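Here is a short briefing on one protein chain. Look over the sequence and the coordinates before reading on.

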Amino acid sequence: MLCPNCHTENADGNKFCETCGTPLAGAPAPAAPAAGASVPTPSGVALPPIPMPATVAPAPAAAAEPESDETILSANVPVEDDATVLSSSAPAPAAPAPAPAPEPVAPTPEPVAPAAPAAPAQDAPATETSTATVTEPAPAPAKAKRGPNKLIIILAVALVALIAAGVALFLTYRAEVWGGKSLPDPASFSSSVTDKNGKKTSAVKAKDVTAALKAKGLKVKTEKVFSGKDSGVFVGYKDNEAGARVAAGSTVTVQESAGPGVPKDTIGKKAEKTTSTFVEMGVPVHYKKVYVSDTKTNPEGTVVSSYPAAGTGVKDDERDKGIYLGVATKSDGSALPLDVMGQSVDDVKSQLESEGHTVTVKKRFSSKQYVGKVAGADPAPGSTMSSSDDVTLYEGIDATSTKDAFKAEDLPEINGDAMLGTTDAADGQWCTNDGKCITIEDNKVVSGGSDYSDYGQYGNYLVACDAIQQPYCSNTKADYLVTQDYGAFELMPYPSLTNYWSNGKMYSTNGVGGNRPTSGEYHMQDLFLVVPTGSDLEGLEGSKGYFDADALAAAKKEKAVDTDRPFILWRDPSQYDTTTAPYKAGGNTTNPFLPYDGYSSNRDSIVKMKPAPSDATAYYRVETTEPDWDSLPDADVKVPESKDASNADSTDSDSKDSESDEPDAASLKVFSDLAGSQYSYTIAADGSAYTTISLDEKGNFSGTVDEADMKSGEPTATAPRIKTKFTGKFKSAKSNSDGTVTLECDASAFKIDDTSKATESGFSPCGTFTGYPAGTDLESLPEDAQSLMVKRGSMDGPSDWLLANDGGKGTFIRTEK
């Protein structure tokens, strides 16, 4: 039976819908009694007559044989005592199962009209009927055709909508309309490059990844990290992986390779904890024992020093040399302890002098923690020494001592004190946080700064004022910072104060003769602003107006510079729209790229300094120590294999090398006879230049080219000394029948700080050397050695071993055993 309200199919006989409770029209009801008849109740009490509508009963049909009891029951019409069964011409729904019949009574047959077809009768007990007028029961209606289930339709529609919504969500998520942005796979940006072995390979540039991220609307921060990859190559996403989702508009940090180098956090770590990092650097890594006196502050086995300094990259021309890491080892008295840094200058000096060393103390700009204390030494703290080695201690100074650092007392030229144009207090290495470095030695820039190299005969010799024709500052009108009270000062290449260019050639306004061009242009050249600890930086930024306003505003948005450390700012030509200015002889033109000279009226034309100071633009003083690495013994550190096959042979702990390169027994015998001593090579007879070397029992040597700086204007005996260090080894040695020995120098192992001094070292070329024992006949010596012996008055030949470079000028005489 179909519900007219919700169209649910119900069982025949239900009075109400199982689903919505609506009464069902086709439910059976008791037969209506004849008009005026009483309706009997089970208790025998008659109810009042029920009036019937006139239309209920049809006209009587023709008489017929009464139906049997079975016929009446099969019509599914219950008959009660005295009840009259009426027929109806109106169709009715199929009747449900009959209600329980009353007690049976004697039937009174009446003729009835033929019954219309009815639904199959329900089984019920046969009863006798009383005499009554029985009408034909209403015909059962045809069963209605079942319609669609509304609930199923609703559920189906909802399911389709959910699927469509899910597909739409998936597609829009994949299209990054919502749910953030995915980090691109760097492999899609790879390009072909040539690796260090000359093979073609693929690499991903960090700039390409950055561009892709910006195209997605993400902000990008670039962080340079040291790695074995070439500079500029993409290393990875910091704290994320390719394909990861990040919030739209968020900042992603891209790690860009800065090439191999020493990470900032290396110092203080256990050496074993650093091996996994350095094995992938793609350059040799050497772990060396560095001696310390205080193992509580510097526990044994920790990294306490490095070369290059922590936070600094390996120079391109030093990749074969690689990285050195100093591992703390308890001092045994054979070295200058690394931890003399920060100790009392007087205490350290007294201790060294008691051990037989000659000690000199010099001033050097240092960080706040080292002011008035040991800020460095030569040989460097941590280096091995012999009892006769001279030692220089550097005492840290700050801005309060700037003028003293330039002061000269009793200067002959003026018969009094004066401010010199140079100071060695700024010597050393200065580096930015991302590894760019400037190195100053003996008042000269030896690396870093601009690419200008055509400075004439004076090279990169640095001055702080107009010390041109005289060694001191003479122009009292000029605006040189060194003469003022800010504590900071400029350093400029000597030639930049006088040079100009015409038709691509450099000329000097200080030259002699009248053939110089009368017009040309000034070029912006190197200018270094040195800011010692404690300088009046606010005064320079404010009342002095030293920095470009826009550059200063930009710097204020960055991390502030650390004023507890001395730093240098290098004027960056790339930040200027123009780097040239017109020059005209006799026109009183001003070079706008130098401090104001005090003579011209065009003071406002002087360009302001760019960049302004910030933590990112500062070249900080490097105060980590650098011992004589090659003279130090190897530390026992186990190095794992590289994950990158191309780096598999790039990292070593030196112990492997020492095993494979161990000299043979014959060589060791010769080296033993020659070792443990100092040899001297006289370059100039007046003592202005000479070279010394020491040799160990395995053929390793280290040396120093020592020259008087004659440009200082002082006599040889008192002139500042310029020292250039070098190291190397003899890979083999053999004894000859005439008593001489032959030494084979390993050219690949020879390293010198300044390659232009290779000839002065006596090791150019690093080839075959012959050793002549004491008493060798003068005529048996090479020509250079003979000349040396004559000058020394040693007509009987050498009194000890003499080593002569067979292909060069080096002639070394053993002076100490």
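Which backbone nitrogen does a side-chain oxygen of Ser-344 reach at the start of α5? The backbone nitrogen of Asp-346, to within 3.4 Å. The model is predicted.

**Helix α5**
- Helix α5 spans residues 345–354, and its buried residues are Val-345, Val-348 and Leu-352.
- These three cover an arc of only 75° around the axis, so they sit on the same side of α5.
- The face turned away from that buried side carries the exposed residues Asp-346, Asp-347 and Ser-354.
- Gly-356 follows α5 and has a positive phi, near 100°.

**Annotated segment**
- An unreviewed UniProt entry annotates residues 151–173 as "transmembrane region".
- In the model, residues 151–173 are 100% helix and 0% strand.
- The end C-alpha atoms of this segment are 32 Å apart.

**Aromatic rings**
- The model holds 19 aromatic pairs, counting ring centres within 6.5 Å.
- Phe-750 and Phe-763 make a stacked pair, with 5.8 Å centre to centre and 20° between the planes.
- This pair links distant parts of the chain, 13 residues apart.
- Phe-750 lies in the loop between β34 (741–745) and β35 (751–752).
- Phe-763 lies in the loop between α11 (758–761) and β36 (768–772).
- Both Phe-750 and Phe-763 are buried.
- Both also belong to one aromatic cluster, with Tyr-681, Phe-701, Phe-726, Phe-730, Phe-769 and Phe-812.

**Charges over rings**
- Arg-364 lies over the face of Tyr-394, at 3.8 Å from the ring centre.
- Arg-565 lies over the face of Tyr-620, at 4.1 Å from the ring centre.

**Glu-541**
- Glu-541 is in helix α7, which runs over residues 537–541.
- Is Glu-541 buried or exposed? Its relative accessible area is 18%, so Glu-541 counts as buried, the cut-off being under 20%.
- Beyond its neighbours within four places in sequence, Glu-541 is in contact with Phe-547, Leu-552, Lys-556 and Pro-613.

Terms used: Residues numbered from 1 in each chain as written. Predicted model: local features only at pLDDT ≥ 70, side-chain atom pairs only at ≥ 80, totals over all residues. Heavy atoms only, no water. UniProt positions renumbered as here; feature names shortened; annotations may be inferred. Helix = DSSP H or I, 4+ residues; strand = E, 2+ residues; numbered from the N terminus. Buried < 20%, exposed > 50% of the residue type's maximum accessible area, 1.4 Å probe, protein only. Arc of directions from axis to C-beta. Polar contact = N/O pair within 3.5 Å; in protein donor to acceptor, adjacent residues only side chain to side chain. Phe/Tyr/Trp six-rings, centres within 6.5 Å; stacked < 30°, edge-to-face > 60°. Lys NZ or Arg CZ within 6 Å of the ring centre and 35° of its normal. Contact = heavy atoms within 4.5 Å.
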